[in-house]
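This report concerns the contact between two chains and some features within them. Please consult the sequence and the model shown here.

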Protein chains: 2
Amino acid sequence: MADDTPLRADAQRNRQRLLAAAEEVFVERGADASMEDVAKRAGVGIGTLYRRFPTREALLAAAYSERFLRLAADSQARSAALTPLAALRAYLHDLVVQTTVYRGLATSLGAMLQSGTPGCDATSKEGRRLLRSAQTAGAVRRDVTFDDLVVVATATSLATEHARSPKPRTEHLIGLFLDGICPRGGREVEAAPRTRGH
Amino acid sequence: MADDTPLRADAQRNRQRLLAAAEEVFVERGADASMEDVAKRAGVGIGTLYRRFPTREALLAAAYSERFLRLAADSQARSAALTPLAALRAYLHDLVVQTTVYRGLATSLGAMLQSGTPGCDATSKEGRRLLRSAQTAGAVRRDVTFDDLVVVATATSLATEHARSPKPRTEHLIGLFLDGICPRGGREVEAAPRTRGH
DNA sequence: ACCTGAACACCGTTCAAGT
DNA sequence: ACCTGAACACCGTTCAAGT
């Protein structure tokens, strides 16, 4: 499956250029931007793009990997200082925000998280960790799966893409969904450190 | 805005043929089927299709109108015999199922409900009615909007489209979201008629 | 081994010609 | 008023020729 044959120097350079170009173009024109635009921006032939990234999904996932690596690292860094539920909420928030940086990406979030990219694996793993932790703490129902969380993030991103004021709408929807995830017994006690929440 | 000029007889006939053809083609090939396929199936020129339905969204919404009319009527017919919350749940379920009959439709559900088609208006109106009723009964939080419900339906449809066993997943997700919508105080008493729930 | 870009296929959309 | 379909534009993808 994994082809670890190292690339020739020029091929490696082209790969990097393509990724940088893809990042730019996707941010500007959305996830359905023209592949030729990407190749042009990278200064390579269209054939080279297809040689490195056989499908648009592959290119998207690769271009996204860095963002997702950062997301996972950020989440890990802060999670110890937060309630399991608060950490999960922050994670979901970040996931939604990141999914919004390329327009039209929301629909492919699920597929992307399964692409095997280092970044995707990292944020997927981190998400499962947070979910498990929140469930162990009794803050989240046991019948909730990570896929459910992805659905929630997808829906929120989708709604947010077309909204006039995305920020509060994101908070509102995540709040709605998380409350739904809490067990009936009542909320977990928020005993963890707080920097004076409003 | 509304152009009520009656169509010439042949134009009217072509319109009907286009709608019937669109319904078939969208069911078979999904919401992103080729417009030319639709025209071919209807036995008219491609130009005629564009004359009647200037955008794909317009054609989709028109083809969908009947389905949505039925959905709204069904919901009204049964809602009196159900708890407000149960009626809302059944409505959401139907909405998800209907949104799944054309593959790739989930993403446009929000836009479609604003298309002004009789069917869209009817199911939108019905949804708002059920939501209001459930909120009055204290079964749903006051800060939930109809748009929130559309987001939920979109997300569930999206997840369901790609799922191996759509039925239970749909139930699971709707259950999850509805629980989230319930106020903390506890659930509304389910005193309404029941045909021996499981 | 890799790169290039012309060539092919396909689709959406328009519009001049026809009834 | 309406219909038709050729024509145009655009994009994804392949592959023969070249380094």
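The model is predicted: local features need pLDDT of at least 70, side-chain atom pairs count only at pLDDT 80 or more, and totals for chains, interfaces and linings use all residues. Residues are numbered from 1 along each chain as its sequence is written, chains are lettered from A in the order in which they are written, and side-chain values use heavy atoms, without hydrogens and water.

Chain A contributes 24 residues to the contact and chain B 23 residues (contact means heavy atoms within 4.5 Å). About 2,100 Å² is buried between chain A and chain B, and carbon and sulfur atoms give 59% of this area; buried area is the accessible area (1.4 Å probe) lost by two parts on being put together, summed over both.

Four salt bridges are counted between chain A and chain B. A salt bridge places a side-chain nitrogen of Lys or Arg within 4 Å of a carboxyl oxygen of Asp or Glu. Over all chains, the structure holds 22 salt bridges.

Helices are DSSP runs (H or I, at least four residues), numbered from the N terminus.

In chain B, helix H4 (residues 56-79) bends by about 45° at Ser65(B), the bend being the angle between axes fitted to the seven residues ending there and the seven starting there.

Definitions and conventions:
Helix = DSSP H or I, 4+ residues; strand = E, 2+ residues; numbered from the N terminus. Expected span 1.5 Å × (residues − 1).
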